[in-house]
Amino acid sequence: MAISINDIKLEFSSCPIENIETLFEKYKDDDRKGVLKLIESYKNKLIAMEQEKQRIESLLRYEKELYAKGYKFIAGVDEVGRGPLAGPVVTSAVILPKDCRIMGINDSKKLSEKKRNELYDIIIREAVSYSFGIVSPKEIDDINILQATYKAMKIAIDGLSIKPDFVLADAVTIPNIHCEQMGIIKGDAKSLYIGASSIIAKVERDRMMEQYAELYPEYHFEKNKGYGSKEHIDALKKYGPSPIHRRSFLKNLLEV
């Protein structure tokens with residue numbers, strides 16, 4: 001009696017993907033439609049996995065060049081929250097192991113919230129070291145958003161338990177850090193380490209804004225994360241700014 005298609009599906013689902021070709025060979029002569037469809041779907045998964053591996057390798061161009069020059073601890077640095085009307089600017093610094101290949105890392109803006117949260121857990125588990133830098137709305141108002149971003153980046157770098165000997169940053173040159181650095185335009189989509197940093201910074205800030213939403217529910221921070229959505233601006237006009245609003249960002253909207 002032939003093994004059932006459901007049992008074959010279970011066998012495929014429990015097989016490590018790197019061994020899946022042994023099952024292709026095992027069931028190559030089974031011409032049932034369900035089995036043919038199952039094999040085809042797993043062949044497509046293998047193709048997609050290989051394409052993702054190649055994409056990840058392409059994101060390591062800068063890192064590989066630096067490792068080849070003798071650098072040992074390379075940190076990716078990125079920020080999130082330069083544009084919102086409320087909340088802090090948050091940065092992260094991440095040092096990953098030299099042989100680290102986390103599938104799925106990309107510019108955080110290109111990922112779903114679910115995927116970012118999944119990758120957040122993987123990144124902080126795999127990282128040699130990671131750290132966050134947070135600058136408050138009040139300080140953003142006092143020193144301006146660019147200087148606040150630089151300060152948050154330096155805080156994140158200084159907070160690493162292992163000091164980097166090179167920093168890859170998204171777009172900027174960070175003042176007053178004591179190691180070599182390179183700013184890469186759109187670095188979160190070009191460097192694996194900057195991409196990893198962008199993801200954990202985004203998740204960290206989003207979670208902060210969800211907590212603020214419990215304190216100030218009228219602004220719906222859980223949805224807009226402090227950005228200037230219509231609902232947020234309408235609430236600002238109705239209730240005025242909260243303690244976490246950036247007053248310097250509201251001058252064209254309100255009398256502050």
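**Exercise 1.** Which residues of strand 4 lie on one side and which on the other, and are they buried or exposed?

*Before you start.* This is a predicted model, in which local features need pLDDT of at least 70, side-chain atom pairs count only at pLDDT 80 or more, and totals for chains, interfaces and linings use all residues. Residues are numbered from 1 along each chain as its sequence is written, and side-chain values use heavy atoms, with hydrogens and water left out.

*Solution.* 
- Step 1: Find strand 4 at residues 166-170. Strands (E, at least two residues) and helices (H or I, at least four) are DSSP runs, numbered from the N terminus.
- Step 2: Recall the cut-offs: buried is under 20% relative accessible area, exposed over 50%, and partly exposed in between (1.4 Å probe, protein chains only).
- Step 3: Sort the sides. Phe 166, Leu 168 and Asp 170 are on one side, Val 167 and Ala 169 are on the other, and all are buried.

**Exercise 2.** Which strands pair with strand 4 in the parallel sense?

*Solution.* 
- Step 1: Two strands pair if DSSP finds at least two bridges between them.
- Step 2: Strand 1 (residues 74-80) pairs with strand 4 over four bridges, in the parallel sense. Here Phe 166 is the bridge partner of Ile 74.
- Step 3: Strand 5 (residues 180-184) also runs parallel to strand 4, with five bridges. Phe 166 has Glu 180 as its bridge partner in strand 5, and Asp 170 has Ile 184.

**Exercise 3.** Why does Asp 206 count as buried, and what is it in contact with?

*Solution.* 
- Step 1: Locate Asp 206 in helix 8 (residues 192-215).
- Step 2: Asp 206 counts as buried because its relative accessibility is 7%.
- Step 3: Contact means heavy atoms within 4.5 Å. Leaving aside neighbours within four places in sequence, Asp 206 touches Arg 116 and Lys 225.

**Exercise 4.** What does the side chain of Arg 246 reach?

*Solution.* 
- Step 1: Look in the segment after helix 10 (230-239), where Arg 246 has its place.
- Step 2: Follow the side chain of Arg 246 to the backbone oxygen of Arg 82, at 3.2 Å.

Notes
A polar contact is a pair of N or O atoms within 3.5 Å; within protein, one must be able to donate a hydrogen and the other to accept it, and residues adjacent in sequence count only if both atoms are side-chain atoms.
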